[in-house]
Each structure stands twice: as C-alpha cells, then as structure tokens.
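Please look at the sequence and the structure before reading on.

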Amino acid sequence: AYALQKTLRDSGYEAYHVMVGKRIKSTKLKYKIKSVLEKKKNESYDEFMNNRLIFYPGSFDESNFYLLNQEFDVFISGSDQVWNMKAGVNPIWFQETVESEKKKISYAASMGIKDVPAEYISETARALSDFNCISVREDEAKSALSNYISGPIETHVDPVFLVNRSEWEELAGSRIAKNPYIFVYGTEMTKQIKNAAYELKEQHPECS
C-alpha cells in the first residue's frame with residue numbers, strides 16, 4: 001500500500017488510499033485474547049498507517065462508495081488477495097460503483113486461489129469487462145481470468161518492489177538483530193518452507 005502510493009505520488013499523481021469499512025472489535029473471548037497478545041503489533045500497524053499512508057477523509061462501504069466518483073478520475077484495486085472470491089465478488093474491489101467515464105485499473109491484483117469459483121464466474125466476467133487495464137500478481141490468476149474475459153491481462157510484481165532497497169532500509173530504521181540471520185515470513189509455515197530455510201542455513205552457517 002505504501003509503495004504503490006509513493007510511486008504514484010513520485011510520478012506526479014495526487015494519490016489517496018480509501019478506508020473501506022471500519023475496524024470492528026469482536027466480542028468473542030478468543031479474539032479478545034488475540035487482541036491483547038498482538039497489541040504491540042497492532043499499534044505498530046496503526047502508527048505506520050497514520051504516519052506513512054495518506055488517506056482520503058472518511059470511511060466508505062457499499063452504501064456510499066459511489067460518492068468518490070465526484071472526487072477521483074482513476075480507481076486502482078490492488079494488491080494482496082483483493083480478488084479472492086471464496087466468499088463472492090466484492091463490489092468495491094471490483095469497482096462496481098465506479099462510473100463508466102472513470103478509469104478502472106487493477107495493479108498486481110492477487111486472487112489467492114487458483115481459479116474463480118464456478119458460482120461466481122459470470123459475475124466476475126461482467127465486473128471485469130469494463131476495466132481499462134488489468135494486471136495481476138500471479139501467472140495462475142492471469143491464466144484463470146483469461147478464460148472469462150477477452151481483454152489483455154498483464155502480470156506485474158508485487159508493489160513492494162516498486163520502492164528500492166535503500167528507501168525500505170531508511171524507513172525500517174536500525175536493525176534489531178546485530179548478527180547475520182535468516183528471516184522466514186510465510187502465511188503458512190509449510191514443510192517445504194521449513195526445509196528451504198534449513199537448507200539455506202546449511203549454506204550460511206554464520207546466520208542464526
């Protein structure tokens with residue numbers, strides 16, 4: 001989110017993030033416990049968002065998102081799993097309330113699944129048919145969507161790579177760990193990921 005907005009602004013565009021919906025705190029005990037355990041992490045997220053991201057004023061959902069047609073010329077959906085259709089076609093991520101004279105773009109949109117669920121194929125094809133430019137993050141997503149829409153689909157890198165290493169290092173600040181180390185970040189810690197990390201450690205014994 002930060003990298004895409006920074007790249008757009010560095011290119012001369014007046015780019016804003018739009019806050020979609022509001023954070024709702026669950027009353028379930030397990031989520032309350034999780035919230036306490038992740039308090040520090042969540043505070044760091046909030047600090048980063050408040051200090052580094054530029055938001056258009058207000059919060060928007062399906063009932064009032066159409067009002068943004070009065071404010072913007074171009075709408076961009078992206079990136080991480082914005083087109084995950086396990087629970088249906090989200091009208092905001094698919095820009096269904098964006099007026100036809102506006103530019104509708106996706107940048108490195110990720111599906112998170114290998115194909116469009118059968119029950120959402122026609123709705124997906126209709127929603128994407130009037131996009132001016134479509135790019136996705138995975139080859140699988142390009143292959144899947146090409147079955148349902150006739151326009152060109154590009155594959156682009158995750159927006160995190162739009163910002164160079166030196167900028168990220170400056171943003172991150174000083175290292176916490178002083179010695180060399182291997183950091184593994186995965187949404188799922190699969191056996192393959194663990195094995196790859198151990199193999200890498202054998203190649204670099206100086207890392208912890």
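Does Phe75 count as buried or exposed? The model is predicted, and in it Phe75 has 8% relative accessibility. Buried means under 20% relative accessible area, so Phe75 counts as buried.

Four strands form an open sheet in the order 3-4-5-6, and their pairing is parallel. At the edges stand strand 3 (74-77) and strand 6 (153-155), each of which pairs on one side only. From one strand to the next, the twist averages 25 degrees.

Strand 3 pairs with strand 4 (residues 103-109) in the parallel sense, over four bridges. Ile76 stands opposite Ile105, which belongs to strand 4.

## Aromatic pairs

The count of aromatic pairs comes to 11. Phe65 and Phe75 form a tilted pair, with 6.2 Å from centre to centre and 50 degrees between the planes. Phe65 lies in the loop between strand 2 (55-60) and strand 3, while Phe75 lies in strand 3, so the pair ties together parts that are 10 residues apart in sequence. Phe65 also counts as buried, because its relative accessibility is 7%.

Trp83 and Phe94 form a stacked pair, with 5.2 Å from centre to centre and 20 degrees between the planes. Both residues of this pair lie in the loop between strand 3 and strand 4, 11 residues apart. Trp83 and Phe94 are both buried.

## A cluster of rings and a charge

Ring pairs link Tyr16, Tyr56, Phe60, Phe65, Phe72 and Phe75 into a cluster. Over the ring of Tyr16 sits the charged end of Arg9, 5.1 Å from the ring's centre.

Terms used: Residues are numbered from 1 along each chain as its sequence is written. This is a predicted model: local features need pLDDT of at least 70, side-chain atom pairs count only at pLDDT 80 or more; totals for chains, interfaces and linings use all residues. Side-chain values use heavy atoms; hydrogens and water are left out. Two strands pair if DSSP finds at least two bridges between them. Helices (H or I, at least four residues) and strands (E, at least two) are DSSP runs, numbered from the N terminus. Axes are lines fitted to C-alpha atoms, for helices over the stretch in contact, and angles run from 0 to 180 degrees between N-to-C directions. Rings of Phe, Tyr and Trp (its six-membered ring) pair if their centres lie within 6.5 Å; planes under 30 degrees apart count as stacked, over 60 as edge-to-face and the rest as tilted. Buried means under 20% relative accessible area, exposed over 50%, partly exposed in between (1.4 Å probe, protein chains only). A charge sits over a ring if NZ of Lys or CZ of Arg is within 6 Å of the ring centre and within 35 degrees of the ring normal.
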